[in-house]
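Here is a short report on a protein model. Look at the chains and keep them in view while you read.

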There are 2 protein chains.
Amino acid sequence: MSKNYLFELAKRRKSIRKFSPNPIDLEDVLEALEVACRAPSGANQQPWRFLIITEQAIKNRLRKACEIGEREFYEKINGDFKKWLTAKGLSWEKPFIEEAPILVIVFMDVKSQYARESVWASIGFFLLALEEQGLNTVPYTPSNTSYPLKEVGAPKGFQLEAIFPIGLSAEEKPREPRTRLEEVAYLNIWGKSV
Amino acid sequence: MSKNYLFELAKRRKSIRKFSPNPIDLEDVLEALEVACRAPSGANQQPWRFLIITEQAIKNRLRKACEIGEREFYEKINGDFKKWLTAKGLSWEKPFIEEAPILVIVFMDVKSQYARESVWASIGFFLLALEEQGLNTVPYTPSNTSYPLKEVGAPKGFQLEAIFPIGLSAEEKPREPRTRLEEVAYLNIWGKSV
């Protein structure tokens with residue numbers, strides 16, 4: 001096995017927000033979740049829960065719920081961040097929540113140690129594993145999670161961390177550029193290039 | 001390429017705290033960082049910085065600094081968590097900070113959007129990539145980051161998120177068990193097994 005398979009996967013991956021209506025195989029999503037749930041976690045408490053949504057009616061309700069928070073958010077923002085969002089074609093509308101064949105909603109057990117850190121390390125595993133399965137997604141973090149949270153019946157103590165619309169891409173878009181490693185990795189002294 | 005290479009990597013990986021004194025190749029660590037820095041991030045702000053430590057004198061100082069916070073922490077804890085730590089053979093002593101041939105300290109630019117989420121997704125990428133390189137590590141989150149932070153000269157606005165001692169394992173230990181996916185992943189309704 002090559003020693004840079006992951007590098008190829010990571011380079012190839014990009015966030016996708018427009019999905020083909022073609023169905024995808026639930027088994028492939030489960031394979032990626034099998035990878036995700038093997039991430040390390042604080043005191044091995046495995047604070048992640050994954051709610052897989054395949055029913056269209058639930059997706060429709062979730063989209064509506066998320067968009068309430070997005071409208072509120074987009075009314076408040078301004079400056080460089082608003083410009084960046086507009087340039088990317090982003091708005092309060094989140095059609096991908098309805099259009100993706102499968103959603104995975106990731107929750108965090110808030111009482112666990114290093115809960116957020118652990119859940120997002122697991123999300124890192126999940127993103128690479130979806131790419132390996134040939135599936136596209138975007139980590140969507142609702143601006144106000146309380147609205148979608150009401151729709152899903154999660155017990156108290158679980159926070160909604162992100163929604164992953166999963167499917168096959170229906171958009172052509174460039175990959176987001178990355179800062180070269182030399183500029184974000186230093187050797188022994190902060191700022192000293194490797 | 002097989003569709004479950006990542007599953008094999010994720011299953012194989014375990015946290016290692018005892019390292020062989022054998023040197024490792026800095027290039028292999030850089031390869032893993034090349035994977036890490038391709039994680040997605042909030043508004044593509046790439047809020048991660050990686051400080052690679054190869055100098056023994058710095059490792060020695062970092063160990064001392066981290067252990068100040070660990071002593072304070074271990075004096076305060078009790079109950080189930082203390083029992084769990086003791087059963088795992090964990091204490092305030094962190095020899096791996098001195099013993100690992102290479103450390104990678106991960107920082108977060110606190111002013112970025114979804115900074116912690118992004119950094120830990122990147123750490124998820126990093127952990128799998130280290131495993132692919134045949135390197136062992138443990139995500140070590142100092143109980144009080146202010147002590148080691150003083151040693152590294154990071155500018156204001158950067159928080160120390162974790163230290164990764166990296167090397168070859170010098171311990172035999174079982175893998176931490178994982179809850180079966182059926183118990184943490186639900187289909188359409190919270191609690192309903194896939």
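A:Glu151 and A:Arg61 form a salt bridge, with their closest N and O atoms 3.1 Å apart. A salt bridge here is a side-chain nitrogen of Lys or Arg within 4 Å of a carboxyl oxygen of Asp or Glu. This pair links distant parts of the chain. A:Glu151 sits in helix 7 (residues 146-152) of chain A, while A:Arg61 sits in helix 3 (residues 56-76), and the two are 90 residues apart. Helices are DSSP runs of H or I with at least four residues, strands are DSSP runs of E with at least two, and both are numbered from the N terminus.

The model is predicted: local features need pLDDT of at least 70, side-chain atom pairs count only at pLDDT 80 or more, and totals for chains, interfaces and linings use all residues. Residues are numbered from 1 along each chain as its sequence is written, chains are lettered from A and ligands numbered from 1 in the order in which they are written, and side-chain values use heavy atoms, with hydrogens and water left out.

## Salt bridges

How exposed are the two partners? A:Glu151 has a relative accessible area of 30% and is partly exposed. A:Arg61 is also partly exposed, at 40%. The cut-offs are these: buried means under 20% relative accessible area, exposed means over 50%, and partly exposed lies in between (1.4 Å probe, protein chains only).

A:Glu98 forms a salt bridge with A:Arg63, and the closest N and O atoms are 3.2 Å apart. This pair, too, links distant parts of the chain: A:Glu98 is in helix 5 (residues 96-99) of chain A, A:Arg63 is in helix 3, and 35 residues separate them. A:Glu98 counts as partly exposed, with 24% relative accessibility. A:Arg63 counts as buried because its relative accessibility is 16%.

Now turn to chain B. B:Arg61 forms a salt bridge with B:Glu151, with the closest N and O atoms 3.0 Å apart. B:Arg61 belongs to helix 3 (residues 56-76) of chain B and B:Glu151 to helix 7 (residues 146-152), 90 residues apart. B:Arg61 is partly exposed at 42%, and B:Glu151 is partly exposed at 31%. Back in chain A, salt bridges that share partners join A:Arg63, A:Glu67 and A:Glu98 into one network.

The three pairs described above are set out here.

| Pair | Closest N and O atoms |
|---|---|
| A:Glu151 and A:Arg61 | 3.1 Å |
| A:Glu98 and A:Arg63 | 3.2 Å |
| B:Arg61 and B:Glu151 | 3.0 Å |

How many salt bridges are there over all chains? The count comes to 26.

## Chain A as a whole

Chain A has eight helices and four strands. Read from the N terminus, its elements run α-α-β-α-α-α-β-α-α-β-α-β. The radius of gyration of chain A is 18 Å, close to the 16 Å that the globule rule gives for 194 residues, so chain A is as compact as a globular protein of that length. This radius is taken over C-alpha atoms, and the globule rule is 2.2 Å times the number of residues to the power 0.38. Along the principal axes, the C-alpha atoms of chain A fill a box of roughly 50 × 40 × 35 Å.

Of the 194 residues in chain A, 55% are buried. Among the contacts in chain A with a separation of 6 or more, 81% are between residues 24 or more positions apart.

## Loop residues

Where does B:Ser112 lie? It is in the loop between strand 2 (102-109) and helix 6 (115-132) of chain B. B:Ser112 is buried, with a relative accessible area of 10%. Leaving out residues up to four places away in sequence, B:Ser112 touches B:Gln45 and B:Pro47.

B:Thr179 is in the loop between strand 3 (158-166) and helix 8 (181-184) of chain B. B:Thr179 counts as partly exposed, at 29% relative accessibility. With residues up to four places away in sequence not counted, B:Thr179 touches A:Gln46 and B:Val184.

A:Tyr114 is not a glycine, although it has a positive phi of about 50 degrees. A:Tyr114 is in the loop between strand 2 (102-109) and helix 6 (115-132) of chain A, and it is partly exposed at 35% relative accessibility.

Key:
Contact means heavy atoms within 4.5 Å.
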